[in-house]
Amino acid sequence: MITITTSNVNGIRAAERKGIADWAGRNTPNVWCMQEVRAPQPDIDRIVGRLAGAYAESGAIAEASDLALTNEICRVKGRAGVALLSDLPVVAQRHGLPGLTEDVDSGRWIETDLRTPQGYEITVVCVYVHAGNADDPVKMSQKYRFLDTMLVRLGQLRDEAAHGGKQAVLCGDFNIAHTPLDIKNAKANETHAGFLPEERAYVDRWLDEYEFVDVMRDLAGDIQGPYTWWSQRGRAFDNNVGWRLDYQFATPELAETARGFVIDKAPTYEARWSDHAPLTITYDV
């Protein structure tokens with residue numbers, strides 16, 4: 001069994017102050033994909049070192065150096081940034097989504113080929129899609145450009161998996177709630193970024209045309225939620241007025257090995273270290 005976690009940390013320095021290292025020591029996922037890291041490299045290295053120390057203290061790894069880091073910083077200061085931590089052997093790393101070169105698109109896509117304890121190689125992608133803004137055509141154009149470019153890479157990952165190559169899983173904050181099951185107030189948000197019909201159609205294509213599996217939904221079935229993000233405004237968290245924005249999309253063979261999932265929503269608003277909750281899925285690879 002291996003565990004893969006995806007979590008938007010909403011600033012890794014703020015998350016450190018709010019207790020992310022305690023969470024790491026209790027959970028120790030084999031692979032941990034982070035989005036919105038928003039920090040310079042020295043701070044990332046220091047905080048990841050602390051997280052690795054928590055892993056080591058829990059007995060999950062022999063020493064802190066056994067936790068590998070792959071990350072990419074956004075070239076726009078204070079924005080985006082993705083990181084992938086793993087206690088599995090790293091075979092290869094790739095940075096950035098091929099075809100995108102603008103600064104605003106950096107810090108949003110990294111790939112790591114990992115070797116599982118059974119000797120299989122899998123590709124894990126950490127993704128942070130643009131949030132977009134329905135009132136800002138420039139930001140929506142950036143989001144759709146990113147999503148269009150994603151389709152090319154998804155096709156390549158699908159074809160490799162279908163022809164005996166590495167299976168793949170895309171983990172991250174996709175900033176799209178796919179169906180009314182993934183958002184508390186669907187009707188009221190149909191004209192808002194994150195739930196626009198044009199955005200949701202991309203997820204339809206990933207699942208239908210590109211044959212990826214929404215692993216959490218496949219495990220949970222057609223139930224309302226569970227959500228992974230709650231607005232900081234009002235009492236959205238307390239009233240569970242949320243959105244499901246964080247996903248793991250896997251190629252079919254890997255998706256079939258999924259055995260369970262946990263969305264680790266904090267017990268109280270004050271106890272959470274991000275406005276997103278970590279999504280962890282267990283795979284019997």
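Analyst: The buried residues of α3 are covered by elements including α1 (12-17), α2 (20-27), β2 (31-35), β3 (68-72) and β4 (82-86), contact meaning heavy atoms within 4.5 Å. Helices (H or I, at least four residues) and strands (E, at least two) are DSSP runs, numbered from the N terminus. This is a predicted model: local features need pLDDT of at least 70 and side-chain atom pairs pLDDT 80 or more, whereas totals for chains, interfaces and linings use all residues. Residues are numbered from 1 along each chain as its sequence is written, and side-chain values use heavy atoms, without hydrogens and water.

User: Which residues of α3 are buried, and which exposed residues does the face turned away carry?

Analyst: An α-helix has 3.6 residues a turn, so residues three or four places apart point the same way. In α3, the buried residues (under 20% relative accessible area; exposed is over 50%, partly exposed in between; 1.4 Å probe, protein chains only) are I44, I47, V48, L51, A52, A54 and Y55. They cover an arc of only 150 degrees around the axis, which puts them on the same side of α3; the arc is that of the directions from the helix axis to the C-beta atoms. The face turned away from the buried side carries the exposed P42 and E57.

User: At how many degrees do the axes of α4 and α5 cross?

Analyst: Two packed helices are described by the angle between their axes and the distance between the axes. The axes of α4 (residues 137-162) and α5 (residues 197-208) cross at roughly 5 degrees and come within 11 Å. The two helices are therefore roughly parallel to each other (angles under 35 degrees).

Note on methods:
Axes are lines fitted to C-alpha atoms, for helices over the stretch in contact, and angles run from 0 to 180 degrees between N-to-C directions. Angles under 35 degrees count as roughly parallel, over 145 as roughly antiparallel, 65 to 115 as roughly perpendicular and the rest as oblique.
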